[in-house]
Amino acid sequence: MCVAYDIAGVRGLYTSLSDGWIYLNAHDCPQVPERVSSAVARSFRVATSVSRPEPAAGTHSKPTSGSPEAATLLSDASVAVADLVGATPERVVLGPGLVYLYASLVASMRPLLRRNSSVVLNNVDRVELTAALGRTEADVRWAAADLATGSLPGWQYMDLVDGATRLVSVPAAHPYLGTVAPVAEIAETVRAASRAWVLVDASAYAPYRPITFDDWGADIVAVDLKEMGGPEIAALVFRDESMFGRLAAVGDPAANGAARLDLGVSPGLAGAAAPTIDHYASLVDAPTGRSTRRTRLVASMSETSGYLERLRDELHTFLGTLPAVHIVGVSGEAAAESDAEVDRIPRLSFGVKGVPALTVQQRLFAHGIVASLMPQGPLTEEMGVGELGGAVTVSLSPFNTTADIEHLIRTVASLA
């Protein structure tokens with residue numbers, strides 16, 4: 001049954017919207033829901049306190065009674081991340097950021113990444129992430145995005161992956177162009193040619209669509225909660241606990257399971273992980289009857305995805321009608337011919353011909369719209385963004401409205 005998306009109710013969950021700005025910069029600085037900021041304050045207060053022992057033991061008693069609340073906060077964070085991706089908490093490794101977790105993963109894969117092995121990276125991932133994964137003795141091979149659309153073709157992995165490949169990194173979605181990668185297709189191709197692990201960064205994808213770990217066929221799913229308006233905590237979720245046995249411990253050599261990759265995170269920040277996932281699970285009314293957080297999350301994100309995709313279509317349609325506007329990876333003859341089947345999350349980057357991107361951004365600011373400049377990189381340069389004078393990235397959030405899109409179009413039209 002279709003549940004109505006209550007945009008007024010959703011906007012009420014973000015107290016920061018009361019300042020009057022139209023925030024279209026979820027890729028760069030997502031707004032923090034009130035329940036998340038409140039949870040951080042509470043978690044820092046209680047992290048060092050000790051919970052009282054419960055009067056009787058039982059299946060529902062707290063196993064950490066008599067211990068600092070920090071342990072419970074960390075455990076709850078692992079459970080929340082597991083619910084987010086459709087996994088189990090013992091497969092979750094928490095860390096202060098994906099760069100640190102990626103570097104830790106490569107260090108722990110030393111027994112696997114020898115000189116006669118290879119890793120496959122790509123030019124879509126953020127530069128800092130590929131740099132972390134590239135610090136290895138293994139041969140580094142590169143998958144390349146389609147220069148017309150910015151999408152990552154899956155067929156090329158048939159040539160890049162062989163029996164010596166040990167790790168393949170794939171972004172679930174481009175953080176600035178919004179193109180969605182064919183993760184399941186890539187994972188299947190990798191499986192057919194090697195025993196390599198497929199690492200999927202779901203950080204840009206997670207705020208828009210429900211994630212089901214098994215549907216992707218991935219070995220490791222990475223997610224940065226900061227990109228969901230959550231705390232500065234990231235996680236790696238593994239397909240199976242047995243994978244930890246193949247990794248070298250990065251800290252305590254006697255550590256087992258997920259602890260072999262443990263980097264340590266602040267319990268005060270970890271206490272906001274569960275409220276972040278609860279927030280996304282509550283954007284629409286819960287299904288009738290008793291339901292788990294995972295069930296509520298999938299239902300909520302499915303409805304939210306439908307709402308934001310309608311806004312995305314409006315944004316693409318009306319921005320694309322402005323003759324002086326070039327949407328990176330969408331406008332142009334080459335892009336138009338190959339874009340018909342490209343899946344996208346509600347993010348795009350655009351430029352106005354003859355107008356520097358900084359000028360466009362400043363005009364948006366002057367009209368109460370917050371957007372940010374698209375970071376420059378090898379892929380964007382090859383796609384001609386530099387020749388365009390740069391681009392401005394626009395990304396939608398659950399609280400954006402049709403009125404926000406219309407105001408953006410009017411402002412850009414005044415330049416175009």
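## Salt bridge between R141 and D162

D162 is partly exposed, its relative accessible area being 29%. The structure described here is a predicted model. The side chain of D162 forms a salt bridge with that of R141, at 3.0 Å from N to O. R141 belongs to strand β4 (residues 139-143), while D162 sits in the loop between α6 (157-160) and β5 (165-171), so the pair ties together parts that are 21 residues apart in sequence.

## Other salt bridges

In the whole structure, 11 salt bridges are found. One of them joins R209 to D343, with 2.7 Å between the closest N and O atoms. This pair links distant parts of the chain, 134 residues apart: R209 is in the loop between β6 (197-201) and α8 (213-216), and D343 is in the loop between α12 (333-338) and β10 (347-352). R209 counts as buried because its relative accessibility is 11%, under the 20% cut-off. D343, by contrast, is partly exposed, with a relative accessible area of 34%.

R293 and D278 form another salt bridge, their closest N and O atoms lying 3.1 Å apart. R293 is in helix α11 and D278 is in helix α10 (residues 273-281), so this pair ties together parts that are 15 residues apart in sequence. Both residues, R293 and D278, are buried. Through salt bridges that share partners, D83, D278 and R293 are joined into one network.

In soluble globular proteins, nonpolar side chains tend to be buried together. Here the largest nonpolar core has 102 residues, and Y157, V170, W216, L319, F350 and V412 have the most contacts inside it. Helix α11 (residues 293-320) provides the largest share of this core, seven residues. The core lies between domain 1 (7-31 + 296-414) and domain 2 (62-277), because both domains give residues to it.

Which residues are in contact with Y157, leaving aside its neighbours within four places in sequence? They are V120, N122, A143, L152, V168, S169, V170, I186 and T189.

## A nonpolar surface patch

On the surface, V99, Y100, V250 and L263 form a nonpolar patch, and together they have about 320 Å² of accessible area. L263 is placed in the loop between β8 (234-238) and α9 (267-270). With 36% relative accessibility, L263 counts as partly exposed.

Note on methods. Residues numbered from 1 in each chain as written. Predicted model: local features only at pLDDT ≥ 70, side-chain atom pairs only at ≥ 80, totals over all residues. Heavy atoms only, no water. Core = buried A, V, L, I, M, F, W, Y, C linked by side-chain atoms within 4.5 Å. Buried < 20%, exposed > 50% of the residue type's maximum accessible area, 1.4 Å probe, protein only. Helix = DSSP H or I, 4+ residues; strand = E, 2+ residues; numbered from the N terminus. Domains from an automatic or database assignment. Contact = heavy atoms within 4.5 Å. Patch = residues over 30% accessible without salt bridge, like charges linked within 9 Å, V, L, I, M, F, W, Y side chains within 5 Å. Areas by Shrake-Rupley, 256 points an atom, 1.4 Å probe, with all protein chains shown as cover. Salt bridge = Lys/Arg side-chain N within 4 Å of Asp/Glu carboxyl O.
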